Amino acid sequence: MISVERVTKRFGMGESAVVALDDVSVTISENEFFTLLGPSGCGKTTLLRLIAGFELPNKGLILLDGQEIGHLPPYRRPVNTVFQNYALFPHMTVAQNIGFGLEMLGKPAAEIADTVGRMLALVRMEALADRRTDQLSGGQQQRVALARALAPQPKVLLLDEPLSALDLKLRKGMQIELKRLQHETGITFVFVTHDQDEALTMSDRIAVMEAGKILQIGDPKEIYNHPASRFVADFIGDINILKAEMTEVRDHTGTVRLASGAVARAHVPSAALAPGAVSVAIRPEHIHLCGPAEDNRTCTGVITNVIYFGSGTHIHMDLDQGGSLIARTTLGGGAIGERVGVVLPSEHLQVLVD
């Protein structure tokens, strides 16, 4: 549905120019929920604005459904955008807001009424059709903005951090609603966020961005379990990173020697890595604790802190061989000052590209 081919975008001129996007290429499929994820200033919103037509690239092509759209103004592109602040008309009712775009397109009144009715049902707001939007809650306003954007049946819906103003519980509920809307309408969604949980919850695929570049594209499980670089690993969820020596690489599997002297097998990303000093990563929930003298231990350490957070417990440890780790468990247990053995399962160890 969308093909971005070697796009570069600079703001400013000469030496003071800021490169917001640096030779970025990505393809987004029809009926896909695709998320651009990264910290502030990484270029994700700039890429969204280029697809929408609010900015023009300095270099490269943007194609939508096989047609080059770089020369088209925003109102000529078959896309709609839901902004962070929703941009609703406060003097209009919910129904009038939803129908406004259709009126601007010159649609017949009967068609507008029918479409508005279907959109109200889609976002489950039939009972609020005649209420003014300034009398709605934040979550209700977001539903109206979505319905208004979906009413003209665009080929692509662009969403620029539309959940950021909502409280945590409402935000989680709207994540499920957004995925439902995308599934029911069959429209390609391109979603921008800096929230890793949002990206993992809703996306078919995720592009992780940093400093104007796309570092990795994959489905949520791939991004979480097999990060291609240190930045991706550190940005997505909690992770432990340890120094190691890789002695052998074969078929994306490496043999690594940890500081403890233990030898383990670890997944190696597609980037060509030679034996030598590396970093290895493991998620806290994949670490197992045992007695300090157990034969299957990878290393040993001392518990320095135990933090309970409702659905589990984080156990912080200083390792005898240097470094620290955080293990996550749903079983509780462990006391500050206790010596423990640490098991790092090879199937969950990941070699990182720095």
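A residue is called buried here when its relative accessible area is under 20%, exposed when that area is over 50%, and partly exposed in between, using a 1.4 Å probe and protein chains only. The structure is a predicted model, in which local features need pLDDT of at least 70, side-chain atom pairs count only at pLDDT 80 or more, and totals for chains, interfaces and linings use all residues. Residues are numbered from 1 along each chain as its sequence is written, and side-chain values use heavy atoms, without hydrogens and water.

The 18 residues of H5 reach 26 Å from first C-alpha to last, close to the 26 Å expected at 1.5 Å a residue, a span taken as 1.5 Å times one less than the number of residues. Among the buried residues of H5 are Arg171, Met174, Glu177, Leu178 and Leu181. The cover over the buried residues of H5 includes strand E3 (33-37), helix H3 (109-122) and strand E8 (188-193), where contact means heavy atoms within 4.5 Å. After H5 comes Gly186, with a positive phi near 75°.

Now to the cysteines. The structure holds 0 disulfides, a disulfide being a pair of cysteine sulfur atoms within 2.5 Å. Cys299 is in no disulfide, and its nearest cysteine sulfur, that of Cys290, is 9.2 Å away. Cys299 is buried at 5% relative accessible area, and Cys42 also counts as buried, at 1% relative accessibility.

Terms used
Helix = DSSP H or I, 4+ residues; strand = E, 2+ residues; numbered from the N terminus.
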